[in-house]
Amino acid sequence: MKLRALVLALTVTALLPIHSVAAEVTSKSQQTAPGIFIDTSIYLPKKTPAPAILLAHGFGGSKDSVVTEAQAFQKRGYVVMTWTARGFGKSTGQISMNSLSAEIADVQQLISTLGKRKDVLQDRTGDPVVGIAGGSYGGAAALLTASQDKRIDAVVADITWNDLSQALFPQSSSDLAEAGPFKKIWTGTFFALATLQSAYLGECGALTNEWCSAYKSAVMNGQPSAAERKLLRSVSPVSFLSSIKAPTLLSQGQADSLFPLNESSQTAAVLKKNGVPLSMIWHAAGHDGGADEKKYLQEQYSRWFDKHLLKQEIDFPLFQFTKTNGSISLQDSTAIPKSFTATRLPFEAEMKKLPLLAQPAAMSYPVGGIPSAISSLPGIGSAGSLAATVASSFAGFSPAFVPGQSGFLDSAVLQEPISVTGSSRIKVRVTSTTGEATLFFSLVTKSPSGAVSQPNGIVAPIRLTNIPAEGRDITVTLPAVILDAAIGDTVAIGISSTDQGYELPKSPAFYSVTAQSPLEYPVISAVPAAGTSANWLWPILALLTLFGAIVLVYIRRPRPSAQERDEDFLVQVENLSKTYKDGYRAVDGLSFTVSRGQVVGLLGPNGAGKTTTLRMLMGLIFPTEGSIYMDGKAVYPGSPALANLGSFVEGPGFLPHLTGRENLDLYWKSIGRTSDKYLDEVISITKLGTALDKKVRSYSQGMRQRLAIAQAMLGMPDLLVLDEPTNGLDPQQIAEMRQVLKDYAKTGRTVIVSSHLLAEVQQTCSHVVLMHRGKLIAFGPMKKILTKNRQARSLEEIFLELIGDDLVIGKELS
Amino acid sequence: MTYQANQTLPYRVELYRQLKRKRTAFAYGFVLSLPILVAIAVKFGPSGNSGGPTRLGSGTTDLIGLATLGAANFTTTMLYFSTPFLLVTVIALFNGDTVASEASWSTLRYLLASPVPRTRLLLQKIKVSLTLSLIAVLLVPLSAWIVGAIAFGFKPLQTPLGATFDNATALSRIGIMTGYLAISLLFVAGLAFYLSVRTDAPLGAVGVAVGTSILLNILDAITALGVVREWLPVHYAFSWFDALSITIDWSQMIRGASYCAMAGILFYALAIMKFAKKDVTS
């Protein structure tokens with residue numbers, strides 16, 4: 001019952017509505033420049049003044065995209081300011097991709113606004129205690145603002161770019177100065193987001209003319225001009241990193257083909273060199289979707305601000321990353337993201353070498369690049385909120401390797417597993433029939449069955465020109481990945497000549513790629529991030545529970561009466577009553593005594609209270625009132641006085657899978673007696689014979705009965721209590737039983753036998769206790785009872801005379 | 001008088017009484033059959049020997065997919081298989097049946113009247129039940145290791161988390177996992193024992209204990225319950241996974257072990273207190 005209540009309580013607790021945040025939010029349109037009105041919101045915590053957090057949104061979103069995050073920070077005790085960037089939502093102005101003189105200048109105005117607020121903690125006048133956080137477009141805004149405004153005290157930048165020209169024209173080799181192939185689908189998605197919702201403004205929508213024409217030129221030429229590269233660099237954190245001084249948390253996603261992990265590595269390397277307090281997270285989400293890590297990330301970001309804005313003592317790991325191959329949810333078979341922490345950043349990792357087999361990879365390039373391999377399709381991650389986990393059902397491992405257009409540089413079958421954390425490197429020689437080549441490299445694993453897995457479908461593009469006939473050697477920086485390969489797997493460098501996401505050459509070609517060095521891969525020793533730090537309070541609590549339980553059991557133990565009576569009588573029953581829980585009074589004020597050497601008959605019809613009395617005598621049930629003494633000592637459960645008693649009550653009880661002999665033997669060993677057990681005597685009295693060595697399961701009722709009586713007699717106790725011993729016996733056995741009891745009493749011991757067969761007992765007993773409805777009716781020597789009314793009669797007649805016609809069991813006494 | 005209360009129902013006698021029972025042999029038989037059946041299924045099953053190393057399951061880096069690498073991995077996977085139900089049932093059987101079956105055979109009243117003091121009777125029963133339970137828990141890795149060694153040979157333990165341990169380290173990790181598993185089962189053991197004292201129907205006690213474990217597992221699977229789940233003892237059933245990483249994260253195991261031990265102790269204490277004042281009418 002209690003258990004059910006517990007479960008119910010747990011369920012009810014869980015269903016209670018979750019305490020909601022006292023949502024104090026005020027919206028305001030703020031002018032930041034002539035004609036520019038920025039739509040802002042302020043979230044106030046319960047307690048002010050408090051430090052502030054500026055929360056930027058992703059491309060195509062608005063301040064409404066970050067409400068959940070804003071509320072989480074608000075609940076944590078921060079003043080949160082969100083705003084809609086220029087050109088989006090209700091804010092006016094044009095989009096210039098986080099230009100320092102436009103979007104970033106707006107944010108600086110917002111900081112000044114915070115500097116005037118009484119409810120925001122201030123470092124000094126006009127300089128609020130403020131952090132800035134954002135994802136994607138907002139992440140770049142955060143980094144760029146931190147580089148321009150010294151008032152920023154902490155930064156969190158998620159899934160954002162380091163260098164927009166590298167992100168949109170990726171060239172995955174530091175040997176090559178020219179731009180890589182154009183990431184056309186992603187860029188087109190961006191352009192659409194900037195223009196479609198404001199298409200009424202014309203083909204460029206809300207985008208500034210400068211950016212609009214740069215986009216058009218990139219699509220037309222497939223390559224950026226020098227001016228366009230300069231424009232891209234002007235909104236890239238890489239150009240301004242030396243000005244960032246505020247503690248910075250860089251967060252990047254593994255499921256991100258737009259801004260892959262390397263973007264954050266590049267930023268981190270510079271900040272680390274400049275001595276900026278830094279941490280980095282590589283989570284399992286990203287612009288392509290990935291795993292849902294919002295909760296974990298929100299907690300990490302909050303801790304970052306707690307550490308650097310509230311100045312709390314927090315041990316924040318330098319590098320955290322998520323593995324999704326660790327364990328599978330038992331419920332829905334999805335990967336459970338598990339975080340690890342490391343004390344080194346990936347670019348500081350130890351590089352290990354893995355030799356590759358000599359076979360070159362050869363592949364053709366079809367004219368026009370059709371068909372193309374599909375490594376990943378951009379998710380619609382542009383409305384990205386802070387943790388930007390907009391799912392794309394297209395992300396993943398689509399036909400990334402078209403036969404004939406792709407090849408592999410394989411390792412030998414692994415004899416031990418390897419873990420890669422970060423970017424691997426390899427030197428390759430590339431030949432091309434056209435003197436030019438566009439190739440897409442990735443680090444993959446092949447299972448023994450041949451299945452290729454390309455982590456998150458991320459590729460490292462290379463665009464080569466001027467390849468001599470004998471080929472050109474370059475060192476390729478492979479995509480940063482978190483990859484585990486097992487024994488039996490093969491690690492390989494996958495190379496594809498096509499990829500649908502990129503601008504490809506027009507002319508057909510034939511390429512060969514040969515490994516010129518072993519694969520160098522980064523290894524970081526990482527430990528699982530503690531979900532909750534090891535709390536030694538728990539084991540202490542467990543020990544206290546053990547101690548408490550022992551004390552409780554000891555205190556709550558039944559304390560039997562220490563009263564004694566003189567030893568004249570073997571058994572003294574005093575005013576004994578028993579009322580069961582249902583109110584049935586089975587025994588009512590019963591008193592009698594038994595002396596040594598007597599055979600006492602406890603007599604009465606069914607329901608008279610005989611068995612209840614015997615159970616109390618055996619210490620099985622607790623009297624409601626009164627007490628029993630044996631040899632002058634009180635009887636209670638476990639009372640040593642019971643050691644003088646052998647009993648047979650309400651049928652035999654044996655282990656059915658053991659023989660009669662084993663049962664007797666185990667019983668004797670269990671009862672803590674060291675004296676002789678008189679086994680032979682007992683067996684001869686009860687005439688068990690050879691049946692003793694058969695399993696009790698096979699016994700007849702009579703045999704069980706006799707075995708039970710033998711068990712009661714073991715050790716020849718001073719008092720033998722037998723409850724209905726003749727039940728189920730045939731007349732001959734009854735006669736034998738009668739003799740057994742008489743023989744037992746002859747040894748000077750005492751027998752109490754209960755029965756409802758009065759005539760039967762009349763022939764056996766020396767004394768009688770007559771009961772009816774729990775009450776004593778007569779008590780004394782058999783002869784005296786029988787000669788009552790001066791005339792010898794049967795016990796039965798006397799009994800009926802004593803109780804009248806009140807023989808109906810359970811009839812209420814008037 | 002030759003009676004000595006502290007000599008009643010000696011540990012060896014009670015152990016012998018329980019070991020002679022068929023259900024004990026059956027329970028151990030179930031535990032032993034698990035690794036043997038799995039090994040046979042993998043070795044001779046329809047998907048066996050289809051080129052490359054034989055694998056269990058479809059994954060390559062998860063615990064099940066790694067099972068057939070060698071004895072150590074096989075042992076770890078068998079621990080994983082037996083954690084949620086097999087061991088729970090066996091432990092519930094050993095603890096839930098022990099007092100209730102005496103009641104149903106009517107032997108309980110003769111032991112109590114002989115007299116075996118009530119608290120002593122339960123303490124001896126607890127000792128023996130826990131011994132039997134511990135043997136069952138130990139049988140899983142022992143038999144799995146032997147079967148795994150015969151079927152798949154000795155190879156380093158490779159964990160789903162990418163770590164690799166030589167056989168000595170693997171053995172110590174398996175020791176930690178088994179130890180944790182044994183402690184975390186104290187909750188079910190205590191609950192079953194408490195129910196055993198409260199009822200005369202052995203199967204009822206076992207069934208309710210197993211049923212409760214299942215119910216709590218279902219509740220634990222409902223993520224909407226949030227932090228409430230952290231207060232369910234079954235929430236920590238698989239925390240021994242943490243012993244598979246290079247540096248062991250002890251936090252969940254410490255909490256889980258303490259929590260389950262606490263729950264077990266409370267149930268045992270409750271059982272003793274209830275039994276001390278119970279009218280034995282069976």
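Predicted model: local features only at pLDDT ≥ 70, side-chain atom pairs only at ≥ 80, totals over all residues.
Chain A comprises 814 residues, of which 49% count as buried, and its secondary structure consists of 19 helices and 39 strands. When contacts in chain A between residues at least 6 apart in sequence are considered, 74% of them join residues at least 24 apart.

Several strand pairings in chain A can be followed residue by residue. Strand 19 of chain A (residues 425–432) runs antiparallel to strand 23 of chain A (residues 472–477), to which it is joined by 6 bridges, and it also pairs in the antiparallel sense with strand 26 of chain A (residues 509–515), in this case over 5 bridges. Val428(A) takes part in both pairings, its bridge partner being Ile474(A) in strand 23 of chain A and Ala515(A) in strand 26 of chain A. Elsewhere in chain A, an open sheet with antiparallel pairing is formed by 4 strands in the order 30-29-32-33. Its edges are strand 30 (585–594) and strand 33 (633–634) of chain A, each of which pairs on one side only. Strand 33 of chain A is held to strand 32 of chain A (residues 625–630) by 2 bridges, with the two strands running antiparallel; within this pairing, Met630(A) has Lys633(A) in strand 33 of chain A as its bridge partner.

The contact between the two chains involves 73 residues of chain A and 70 residues of chain B. On the side of chain A that touches chain B, the elements giving two or more residues include helix 1 (2–15), strand 13 (319–328), helix 13 (660–670) and strand 35 (671–673) of chain A, while the largest share, 9 residues, comes from helix 11 of chain A. By class, the residues on this side of chain A divide into 40 nonpolar, 26 polar and 7 charged. Strand pairing also crosses from one chain to the other, in that strand 35 of chain A and strand 1 of chain B (residues 3–8) pair in the antiparallel sense over 2 bridges, with Ile671(A) standing opposite Thr8(B) in strand 1 of chain B.

In soluble globular proteins, nonpolar side chains tend to be buried together. In the present model, the largest nonpolar core has 306 residues, and those with the most contacts inside it are Val155(A) and Leu185(B). The largest share of this core, 16 residues, is supplied by helix 11 of chain B (residues 251–276). If neighbours within four places in sequence are set aside, Leu185(B) is in contact with Leu87(B), Val88(B), Ile91(B), Ser133(B) and Val137(B).

A helix pair in chain B was also examined. Helix 9 of chain B (residues 186–198) packs against helix 10 of chain B (residues 202–221) at an angle of about 145°, the axes lying 8 Å apart, and the crossing of these two helices is right-handed. From helix 9 of chain B, the residues Val188(B), Leu191(B), Ala192(B), Leu195(B) and Ser196(B) meet Ala205(B), Val206(B), Val208(B), Ala209(B), Thr212(B) and Ser213(B) in helix 10 of chain B. The contact between helix 9 and helix 10 of chain B accordingly has 8 nonpolar and 3 polar residues, with no charged residues.

How values were computed: Residues numbered from 1 in each chain as written. Chains lettered and ligands numbered in written order. Axes fitted to C-alpha atoms, helices over the stretch in contact; angles between N-to-C directions. Left-handed = near helix turned anticlockwise from the far one by under 90°. Contact = placed C-beta atoms within 7 Å. Nonpolar A, V, L, I, M, F, W, Y, C, P; charged D, E, K, R; others polar. Core = buried A, V, L, I, M, F, W, Y, C linked by C-beta atoms within 7 Å. Buried ≥ 20, exposed ≤ 12 C-beta atoms within 10 Å, placed from the backbone. Pairing = 2+ DSSP bridges.
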